[in-house]
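Morning, everyone. Let me put a structure up and walk you through it.

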Amino acid sequence: MTKTRVAVLGGGAGSLSAVWALTATPELRARYDITVWQMGWRLGGKGASGRNARYADRIEEHGLHLWPGFYDNAFSILRDCYDALGRPPGAPLARLEDAFEPSSFITCQEYVDGGWL
């Protein structure tokens, strides 16, 4: 059987979610030959970030680094990814719960008439 070739442009959350869905089962993996094309070396789209080892591993780059609890599909996919990774206990970010810090507080600001509201 010839695989269907799929080109995915961009390595953001939407693109990688589509790839995850297209490879969710052995049957799907046998059906598709997928290539992700990403400018640069970092995946993540608008959520990408990196750490600068020279400055106390400070997070740099851009990205919205909060995931409200209503992102049910996103958390479901992340849980599947963590399960597939099978990291040993004690490894950095071994569980999904290690990668997120719950918070019930959010601040929103808007620049209006020369000041922040």
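I'll start with the whole chain and then go to single residues.

First, a caution: this is a predicted model. So please keep that in mind for every number I give, because the model is predicted throughout.

The overall layout. The chain has four helices and six strands. Read from the N terminus, the order is β-α-α-β-β-β-α-α-β-β.

Now the overall dimensions. The C-alpha trace spans about 60 × 40 × 35 Å along its principal axes. The radius of gyration of the chain is 18 Å.

What share of the residues is buried? The figure is 12% of the 117 residues in the chain. The accessible surface comes to about 9,700 Å². Carbon and sulfur atoms account for 57% of that surface.

Contacts next. Take those between residues at least 6 apart in sequence. Of these, 39% join residues at least 24 apart.

Charges. There are 12 positive and 13 negative side chains. The centres of the two sets lie 9 Å apart.

On to single residues. Start with N52. You'll find N52 in strand β3, which covers residues 50–52. Is N52 buried or exposed? N52 counts as buried, because its relative accessibility is 12% and the cut-off for buried is under 20%. Leaving out residues up to four places away in sequence, N52 touches D57, R58 and E60.

D57 deserves a stop of its own. D57 sits in the loop between β3 and β4, with β4 covering 58–60. Its relative accessible area is 39%, so D57 is partly exposed. Now look at the backbone. D57 has a positive phi of about 55 degrees, and it is not a glycine. Why point that out? Because most residues other than glycine have a negative phi.

There is also L93 to look at. Where is L93? L93 lies in the loop between α3, residues 72–85, and α4, residues 96–99. L93 has a positive phi of about 50 degrees, and L93 is not a glycine either. With 43% relative accessibility, L93 counts as partly exposed.

To recap the residues. N52 is buried in its strand, β3. D57 and L93 each have a positive phi.

Key:
Residues numbered from 1 in each chain as written. Predicted model: local features only at pLDDT ≥ 70, side-chain atom pairs only at ≥ 80, totals over all residues. Heavy atoms only, no water. Helix = DSSP H or I, 4+ residues; strand = E, 2+ residues; numbered from the N terminus. Buried < 20%, exposed > 50% of the residue type's maximum accessible area, 1.4 Å probe, protein only. Contact = heavy atoms within 4.5 Å. Rg over C-alpha atoms; globule rule 2.2 N^0.38 Å. Areas by Shrake-Rupley, 256 points an atom, 1.4 Å probe, with all protein chains shown as cover. Lys, Arg positive; Asp, Glu negative; His and termini not counted. Charge placed at Lys NZ, Arg CZ, Asp CG, Glu CD.
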